[in-house]
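Trainee: I have a structure to get to know. Can you walk me through it?
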Amino acid sequence: MVTNLRNDQAPLYIKVNDKDNTAIIVNEGGLRKGAVFPCGLVLAEGVPQGHKVALTDINEGEEVIRYGHVIGYAERTINRGTWINDTLIKMPAAPPLEKVPLSDKTPAPLEPLEGYTFQGYRNKDGTAGTKNILGITTSVQCVVGVLDYAVKRIKEELLPKYPNVDDVIPLHHHYGCGVAIHAPDAVIPIRTIQNLAKHPNFGGEALVVGLGCEKLVPDRIAPRENIISLQEQKGFKQMIHSIMEMAEERLIKLNSRVRETCPVSDLVIGLQCGGSDAFSGVTANPAVGYAADLFVRGGAAVLFSEVTEVRDAVHLLTPRAVNEEVGRSLIEEMKWYDSYLRRGEADRSANPSPGNKKGGLSNVVEKALGSVAKSGSSPISGVLAPGENARQKGLLFAATPASDFVCGTLQLAAGMNVQIFTTGRGTPYGLAAAPVMKVSTRNALQAQWPDLIDINAGRIASGEASIEEVGWEIFRMVLDIASGRKQTWADHWGLHNDLCLFNPAPVT
Ligand code: CA
């Protein structure tokens with residue numbers, strides 16, 4: 001039963017597309033039975049905020065439509081004014097990958113956007129950092145205890161001497177040994193670790209701490225002069241001494257770096273959503289999509305990800321591919337993930353989460369239609385397999401799981417130097433290696449978490465701001481954050497999640 005429903009505000013719903021026979025309730029706290037909308041619709045029962053109401057009678061087996069697309073079929077007759085919860089909807093089959101159109105509706109390139117810059121750290125390889133960090137990675141999990149001990153001492157004894165360096169971070173992961181390193185899918189964790197060490201925020205100075213007998217030999221991650229091998233050291237104290245000595249050499253170099261004016265095209269923006277609700281697709285994600293277009297117009301790389309949240313909307317994406325080859329790469333990533341899920345005897349119904357459902361999302365089709373709004377309207381210029389580095393500009397699909405921490409890790413490996421993260425239910429997620437800016441989908445979340453949410457897109461639902469206005473606000477705040485002029489709440493509090501590798505290959 002729905003409790004605490006209020007009827008003290010004018011009833012309001014959002015219908016996204018003319019074809020929709022459903023709309024979501026905007027009112028905070030939801031609405032009670034009998035609420036009357038300006039169009040004359042009367043609620044036949046209480047409906048929580050963000051949940052769907054039937055705008056027309058929908059007979060058993062008929063299409064339930066949101067965003068102008070079928071999100072499912074009525075399990076039984078749904079009368080006008082009824083709450084459509086997930087038990088009333090039968091999920092449609094996923095779009096067949098053999099039949100989706102490729103590159104037949106490629107949008108014209110958007111008009112270039114000039115005159116916007118940020119203050120970043122220029123790297124020798126042409127990339128730019130948004131932070132100045134000493135990163136110390138590992139070739140195997142065995143060394144993590146020693147590395148953490150060393151990092152604690154580096155932070156206490158060395159870092160204060162080098163004020164231009166923002167942080168020292170250990171890059172933990174569970175890979176490196178006890179793994180089937182020659183299995184075909186091992187390429188994913190290996191290239192992720194390799195590319196993480198090359199992240200633009202580490203300025204080309206990342207160190208590697210290795211053990212000496214592991215399967216992932218440290219030379220595969222960095223040049224010899226950046227490697228400390230623990231089995232070559234005489235005792236624990238010597239290990240710590242060697243790590244600290246090499247760390248100080250890098251800190252001296254990093255400390256000499258200064259921010260300089262960089263074009264927007266030096267940004268690699270990662271887009272992600274976590275704790276989504278039914279508002280995600282009408283407030284935060286379209287505003288982020290608008291901002292994504294601004295970044296693409298400025299020449300930046302923009303990564304959108306999360307295969308399981310794109311799979312059911314892939315037929316809307318492949319037509320936007322810049323050419324058929326890119327369209328086919330997108331399909332290949334979907335196919336690979338379908339088979340990965342099948343191998344684990346799971347399917348796409350494993351997404352959404354209970355929290356997503358509580359927020360009004362009935363199934364992954366509805367979630368996907370809202371999720372792809374983040375990709376804006378530009379042509380899709382390229383596709384990255386999991387863990388690959390972004391070598392081109394424009395809107396790119398970086399194939400990753402939808403899991404926030406795994407997606408974040410893979411986007412870092414792609415070179416992402418600012419992440420824009422939309423959330424409806426709320427998450428304190430953050431990353432140590434690159435700033436994560438949080439965008440809320442609802443006013444109530446901003447009110448509940450004013451010291452965790454960076455921008456509130458809920459104002460779009462309440463009519464206080466337009467998608468364009470919030471889009472520009474996101475764009476400008478990213479430039480401030482990338483320049484170090486502004487800090488995200490996650491960085492302010494030091495909320496940083498673990499790196500979580502995607503390893504679909506066997507562990508031995
Ligand atoms: Ca996610």
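Predicted model: local features only at pLDDT ≥ 70, side-chain atom pairs only at ≥ 80, totals over all residues.

Trainee: Is strand β18 buried or exposed?
Mentor: 5 of the 5 residues of β18 (residues 394-398) are buried, so the strand is largely enclosed by the rest of the structure. Buried means under 20% relative accessible area, exposed over 50%, partly exposed in between (1.4 Å probe, protein chains only). Strands (E, at least two residues) and helices (H or I, at least four) are DSSP runs, numbered from the N terminus.

Trainee: Which strand pairs with β18 over 4 bridges in the parallel sense?
Mentor: Strand β17 (residues 380-384) does, and V383 has F397 as its bridge partner in β18. Strand β16 (residues 301-304) also runs parallel to β18, joined by 4 bridges. Two strands pair if DSSP finds at least two bridges between them.

Trainee: New topic. How many salt bridges are there?
Mentor: The structure holds 23; each is a side-chain nitrogen of Lys or Arg within 4 Å of a carboxyl oxygen of Asp or Glu.

Trainee: What does D86 form a salt bridge with?
Mentor: D86 pairs with K357, the closest N and O atoms being 3.8 Å apart. D86 lies in the loop between β6 and β7 and K357 in helix α7, so the pair ties together parts 271 residues apart in sequence.

Conventions. Residues numbered from 1 in each chain as written. Heavy atoms only, no water.
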